[in-house]
Amino acid sequence: MAFKEAFEAFSKESCIADKILAAKLMIISVIFSNLTKPEAAVLRCLHSLQELHDLDAIREEFSSLDREETKTTYLKKEESVEIVKSVLKINKILFEFVRMSLKPPPTVEEWPATIKLMDEQIYNPLIDGRLSEERLIDTGMALNLHDIVEDDNKVKDPITDVTEFGVIESSGQTPDNSITVNKEGGCFRVPVASAFLLFPPNAVEEKVTLKCSRVKYKECEVKPRDGELFVSRILKIEPEGVTFKKPVTVLVSHSANEDQDFLHFYELIVENLIPTGCQELKTERISFIEDVPKQISNEEILRDYLPFAKATIHETCTLVAATRVRSDQILIPTNRSYSFSKQYGDNAELKITFPADITKKILILKVQLFPADAVVKKDIRLDKNIICAPVIRVSGQKTPFLKAVDVELTYSHNDVANIKDKFLSVRKTIQFTTDYGLLLRSQEENESVSKWLNLNESNKVYIERPRKDQLKFSFSVEHFSDIHPVVDMSEPSTVSPRDGGRVVRDGGVVDMKNQACYDAYVWAVHKTGIIPKTLHSLLAPKQARRDLYDQLKVNGVRFMHRLNCGEPVFFCVPMSDSDHLPLKDNTL
């Protein structure tokens with residue numbers, strides 16, 4: 001209701017000062033009505049701000065300010081100074097809100113809400129506003145824009161982590177998994193959830209008993225969000241409503257496979273599971289014993305639980321570690337070009353170039369790059385004649401762009417070095433036809449089924465081999481979806497270009513629901529003291545290793561390959577026709 005009334009006032013009022021006030025009210029009402037949906041709030045606020053910037057009166061005021069005309073004719077207008085000052089302040093305040101809402105936060109150079117001056121020049125209020133101060137300095141009404149518009153490196157993160165505190169290792173666990181914390185604080189191991197709690201001194205005013213339990217996935221009402229996977233046990237700390245005077249550090253053991261793909265393509269987050277969904281906490285990844293807080297003395301216990309996801313809490317809650325493919329939220333302006341470029345480790349680089357006037361309204365797009373090994377189906381992944389590049393996903397676009405967007409994906413891999421020169425020689429660029437492979441694009445047929453289409457024929461796609469182990473794919477699109485380049489080095493006679501080739505049979509080459517890989521351990525336990533003799537084989541996530549050792553008195557063996565969600569796993573133990581062969585410990 002507040003937004004509607006403010007919008008009506010913005011549309012009807014003729015006075016520019018009243019329009020600015022209406023724009024402020026529009027932005028405030030959007031923020032307060034979308035507190036749980038910050039991305040939606042950002043987009044609507046930017047649309048409202050851009051509407052303000054597009055008013056001829058605003059363009060004229062900033063054009064006059066930008067021109068090197070005599071200051072006595074313009075700067076004596078107190079009303080004009082207040083207009084400029086108000087618009088710049090709105091930009092600054094909204095910039096701070098956007099920085100807190102988008103990941104990664106945009107820089108001032110990337111600010112999309114610009115002003116097109118009367119001579120068609122583009123004015124960025126967060127950058128060019130500093131120059132405006134020089135023009136107004138003689139009036140005695142200077143804007144002091146160094147306070148209004150700060151450098152990016154001076155803007156502080158609103159969320160800060162725990163500073164150093166004195167923690168001693170403590171005991172207090174009971175059979176019902178409760179711990180007793182006093183003013184001295186301490187370190188508590190929570191075996192049932194494979195976690196540790198570190199209370200600094202004076203985190204509680206008086207002695208308090210907390211119950212720590214594990215919530216099973218199937219009993220948890222809050223499920224992983226789209227694209228996320230829970231990779232730890234769910235830790236519940238009770239009773240509800242107990243607050244801490246100082247931040248309490250939580251170390252949650254997790255089973256995500258921390259290989260190079262994980263480091264470059266994925267992020268690890270600790271989430272507070274609340275009835276309305278998942279609340280993200282600032283998370284630090286701890287992979288080595290040297291990175292564990294120094295206040296914990298018993299490193300051997302910690303070593304069994306590595307790696308950890310580290311976060312801080314201020315009250316009792318329910319926590320879980322989750323993983324997802326990293327994403328970059330980018331702001332696409334309406335009246336100038338924008339280029340996105342990102343390096344993913346040493347093996348992949350993505351560049352997307354958006355020309356000016358590509359959209360009528362500011363857009364927020366989410367860019368992701370999925371490693372092929374995590375999402376490509378196993379039979380395709382094991383085929384030595386097929387090279388699968390990472391999958392590009394750009395989401396947030398609802399209508400086609402007004403112009404084509406240029407995309408470049410550079411991919412390096414040992415398998416690329418096996419490409420023969422007669423197929424594609426080094427430093428050569430060719431059109432990427434179906435004779436060489438496919439550029440696949442997903443198209444949703446319904447909520448659960450996606451069909452993969454061949455873009456080679458409808459779009460001009462080029463492939464270059466800059467060096468022996470590297471390929472570069474170049475193409476243009478007007479509407480994004482999941483895009484996957486696939487090189488097929490098999491003999492032409494085995495490929496049927498008409499239906500897209502064998503690589504897309506049976507529904508395509510990737511499973512986008514399978515987005516993460518796990519570390520796991522296996523056990524084989526031969527029990528001879530009972531009749532009949534039994535052989536127990538067990539596969540478990542990494543964080544369960546310590547608990548299973550306590551139960552079985554046998555060390556598990558780390559599974560030699562990372563495991564993809566949903567794929568079958570086979571491992572063998574020796575047996576005879578009549579009975580199990582004798583096993584020592586965990587022989588596999």
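Student: How many residues does helix α2 have, and what should they span?

Tutor: Helices here are DSSP runs of H or I with at least four residues, strands are runs of E with at least two, and both are numbered from the N terminus. The expected span of a helix is 1.5 Å times one less than its number of residues. Helix α2 (residues 16-33) has 18 residues and should therefore span 26 Å, which agrees with its end C-alpha atoms being 26 Å apart. This is a predicted model, where local features need pLDDT of at least 70 and side-chain atom pairs count only at pLDDT 80 or more, while totals for chains, interfaces and linings use all residues. Residues are numbered from 1 along each chain as its sequence is written, and side-chain values use heavy atoms, leaving out hydrogens and water.

Student: Which residues of α2 are buried?

Tutor: Buried means under 20% relative accessible area, exposed over 50%, and partly exposed in between, with a 1.4 Å probe and protein chains only. In α2 the buried residues include I16, I20, A23, I27 and V30. An α-helix has 3.6 residues a turn, so residues three or four places apart point the same way.

Student: Is T316 buried or exposed?

Tutor: T316, in the loop between β13 (308-315) and β14 (318-325), counts as buried because its relative accessibility is 7%. Contact means heavy atoms within 4.5 Å, and beyond its neighbours within four places in sequence, T316 is in contact with residues including L210, I237 and G241.

Student: Which strand does β25 join, and how do the two run?

Tutor: Two strands pair if DSSP finds at least two bridges between them. Strand β25 (residues 462-467) is joined by 4 bridges to β26 (residues 470-477), and the two run antiparallel.
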